Structure formats: C-alpha cells, structure tokens
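Work through the exercises below with the model open in your viewer. Each task is followed by its solution.

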Amino acid sequence: MDKAKKGEISIMNNKAPALIPPPPLKFTLDQWHLNNRHRYRCSEAQQELADRLLNECQRVCEFSSETARNNKEETDHRLREKLEDIEFRKKELLRIRKEVLLESDALSMYKQRIMDALASVRRNALVICEKCLIFREHRLGIDLVRDDAEKELLKECEVIRGAESLLVRTLEQTQEQIRRLKATLYYMDHELEDKENNIRIDRHNLTLRETGLNLSIYHGASRLDPSTIELNEWEMQTNNNIVAASKEVNSARPLRCYIDRIIKQAVDDLTEQKHATDEAFRKRIEETKEAKTKLELQHSEIMRQAAEMKQNITRIEKSIAEKEGFLALAHTRMGNRCQRPGLELTRDLVEINLLKEVYELRDVVSQLQASMFEAQASLRYLLKTQIQIEEDINVKTNTLKIDEVDCMTLRQSMDYHAY
C-alpha cells in the first residue's frame, strides 16, 4: 500500500503547469465607429446587389417564360403545319391509291377474261379440231384424201395456236402490270402507315402541355434528334411514289384497251376460220352426198342390168338346149339313114339338107355359146362393179358419218365470244 501511494505522488509531481490565456485586446471608440460604418456599407452594397439580382432574375424569368411560350407556340404552329402537310400528302396518296386499286381490280378482271379465252381455246377449240383430224383419219379407201376440209382444219389449228400464243403473251404482260401495281400499292401502303403513325405521334405531341404529369427529361447519352432525312428527301419520297403510281395507272389503262383489241382480234380470226372450215365441211359433205347419190343410182342400174343379164344367160342356155335338141335330132336322123341298104345309101337332098342343118346348128350353138360366155363375163363384171359400187357407197356413208355426224356435231360446241 505504501508503494502505491508513493507512485501516485510521483506521477502528480511530474505533470506540466496549467497555461492561462492573455486578456482580450480592446479596441478604441474610433475603431468601433469605423467598423460599424464598414458593416453598413457592406450591407447596403449587398442589398443593392440583391435588388439588381432580383430584378435581373425577374427579367430573365419573364424573358425565359416568354421565350418558352413563344417557342411552344411556334412548335405548335409548326406541328399544325406539318400535320396539314402530312394530311394533304396522305389524301393525295389515298387518291392515287384508290386509282391504283381500281386499275388493279380492273386488270384482274381482264386477266380472268384472257384466262377464260385461253381455256376455251385450249380445252375446246384446239381439242375439237384435233379430234376432227383424228376422226377423218378413219375415212376409207379413196375418201382418205387431203381435201379442202382437211386443209382448213389444219389452218384452223394453226390459227388457234397463234391465238393461244398471242393470248399467252398478253396474259404475261397483264400479270407483270398487275405485279407492278401491287408493288406500287405495297410501297404506298407502307408510306401511308408511316404517315399515319407520324400523324398519331404529332397529334399526341400537339395535345401535350407543359403542366402535364406524363412529361420527362431525357438524360441518355444518345442524340435526342436522330433524324437524318432532309425535308426535301421526305417530300421527294411521296412525290416519287405518286408519280410512280400515276405512271403505272397510265400504263395499265392503255393495256386494258390493248387487251380488248387482242381478244376481239383473236375471236374474229377464230370465228372467221371456223366459218371457213365449216363451209369447207359443208361443201365436202354436199360433194360426198352427191357422189353417194350417183353411186346409188349406178348401183340400181347395175343391179337392173345384172338381173337382165342373168335372164339373158338363162334365155341363151335355154336356146342352146333347144338347138342341141335339134342337133341331136339331125344326128339321129343321119345315123338312121346310114343304115340304108345298097344303092339306097345315096347322097340325096335329104342328106344334104341334114348336113346343112347340122353345120348351121353347130354354128348357131357356137354363136350362142360365145354370146353366153360374153354374157357371163359381162355378168361377172357387172357383179364386180356392183360390189365395188357397194364398197364405194359404204366408204361414202362412212365419210358422211365422220364429216356430218362426228365432226360437224362436235364443231357445234365451238363458240367464240368476247369473254
């Protein structure tokens, strides 16, 4: 305990002595008045500066408010002008778009007309002509001839193929023009959609007020005005679309007139050739009927003559048989007279007459046999001719069936119109 107390006493003895501050400096009365005047002047200077700053701030605030108001009014005016400009260009685009759409629809109808004409030519006319040619290949014998009807049929096939080729080219031109019109419509619709969005945005901007609750200040790093297209480029884009659309409309209208002429020309050519082919068929049918009638008359005459010839042959045969009876009688008499005795076997007038009778009968029989051979040959020729005429009649009948029944009945379904 003694050691501890001794330690505490030694520590207290080692502390530094406490410092006492000097007394404050006292100023003179003049210094006090001088300080007050300085304070007054500084205060007045600050008040003047504050007044000037208040006035300047009020002026700046009023000027900025007026500037902001004028800028907003100018912007609103420009927005209205821009909206009017866009509306005007939109109306022009809609007007020319309506023309393009009407022209596209009209060309689509003309395209259908061309396709109907092509289908009629391909499925109807050409098939009928080819069938007629195939039918006429089944003519028989001498009637398998290259006549005017066949020439006109071949020519009609060429006319049909030519009309088909012309219609195909016209159809390709029409499809290309429709494609160009649709492409124009695509670009116009795209621009109309952009303008509609632009109108929506600018109309919304026009309704905004500085007191609105949905306003915000942009603090991003990118530019707030990313527009890179100049006003003249924007105007030229619309003008170019309108000019391009007008050009396509002006190209489509003459094309419709051209299609009318082409269809009319094709129908006129096909109808004219159809009439020419029908006329060739008519003449050929008349010729065939006339030839068939003449052959039928000849057939009747041949049959009559053949019947008469058969009767003639029968009559000759009967006559020969009769003459052979007379000849046998003469031979028998001469044979009997050969048995006369002695001097009775004389060459008397009876024997001479019997010899004469035998010779004359032989000549008569020979002539009758010759006549019969000629009659039989004539009958054979008549029968052969009859068969040939019957074959020719059958050939003509077959030809008439092909031309008048098959071909002409089939050709009645060929109908050309303006489609």
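Angles under 35 degrees count as roughly parallel, and angles over 145 as roughly antiparallel. The model is predicted.

**Exercise 1.** Classify the relative direction of helix 2 and helix 5, then describe their contact.

*Solution.* 
- Step 1: Take the angle. The axes of helix 2 and helix 5 (residues 349–411) cross at roughly 170 degrees and come within 10 Å.
- Step 2: Apply the cut-off. Helix 2 and helix 5 are therefore roughly antiparallel.
- Step 3: List the partners. On helix 2 the contact uses I128, C129, K131, C132, F135 and R136; on helix 5 it uses I402, D403, D406, C407, L410 and R411.
- Step 4: Sort by class. The contact of helix 2 with helix 5 holds seven nonpolar and five charged residues, and no polar ones.

**Exercise 2.** Which direction and which handedness describe helix 4 against helix 5?

*Solution.* 
- Step 1: Take the geometry. Helix 4 (residues 231–337) packs on helix 5 at about 160 degrees, with the axes 5 Å apart.
- Step 2: Classify. The angle is over 145 degrees, so helix 4 is roughly antiparallel to helix 5.
- Step 3: Helix 4 and helix 5 cross in a left-handed sense.
- Step 4: Sort the contact. Between helix 4 and helix 5 there are 33 nonpolar, 16 polar and 21 charged residues.

**Exercise 3.** Are helix 2 and helix 4 roughly parallel or roughly antiparallel?

*Solution.* 
- Step 1: Take the geometry. The angle between helix 2 and helix 4 is about 20 degrees, and their axes lie 9 Å apart.
- Step 2: Classify. Helix 2 and helix 4 are therefore roughly parallel.
- Step 3: The crossing of helix 2 and helix 4 is left-handed.
- Step 4: Sort the contact. Helix 2 and helix 4 meet through 20 nonpolar, four polar and 13 charged residues.

**Exercise 4.** Characterise the second largest pocket by volume, lining and class.

*Solution.* 
- Step 1: Give the volume. The second largest pocket holds about 330 Å³.
- Step 2: Name the lining. It consists of A68, R69, K72, E73, T75, D76, L79, N205, L208, R209, E210 and L215.
- Step 3: Find the main contributor. Helix 2 (residues 29–136) gives the largest share of this lining, seven residues.
- Step 4: Sort by class. The lining has six charged, four nonpolar and two polar residues.

Notes
Residues are numbered from 1 along each chain as its sequence is written. This is a predicted model: local features need pLDDT of at least 70, side-chain atom pairs count only at pLDDT 80 or more; totals for chains, interfaces and linings use all residues. Side-chain values use heavy atoms; hydrogens and water are left out. On a 1 Å grid over the protein atoms alone, a cavity is a set of points where a 1.4 Å probe fits but cannot get out, and a pocket is an open set with protein on both sides within 12 Å along at least five of seven lines; lining residues have an atom within 4 Å of a point. Grid points are joined across faces, edges and corners, and a volume is the space filled by probe spheres set on the points. Helices (H or I, at least four residues) and strands (E, at least two) are DSSP runs, numbered from the N terminus. Ala, Val, Leu, Ile, Met, Phe, Trp, Tyr, Cys and Pro count as nonpolar, Asp, Glu, Lys and Arg as charged, and the others, Gly among them, as polar. Axes are lines fitted to C-alpha atoms, for helices over the stretch in contact, and angles run from 0 to 180 degrees between N-to-C directions. Angles under 35 degrees count as roughly parallel, over 145 as roughly antiparallel, 65 to 115 as roughly perpendicular and the rest as oblique. Contact means heavy atoms within 4.5 Å. A crossing is left-handed if the near helix is turned anticlockwise from the far one by less than a right angle, and right-handed if clockwise.
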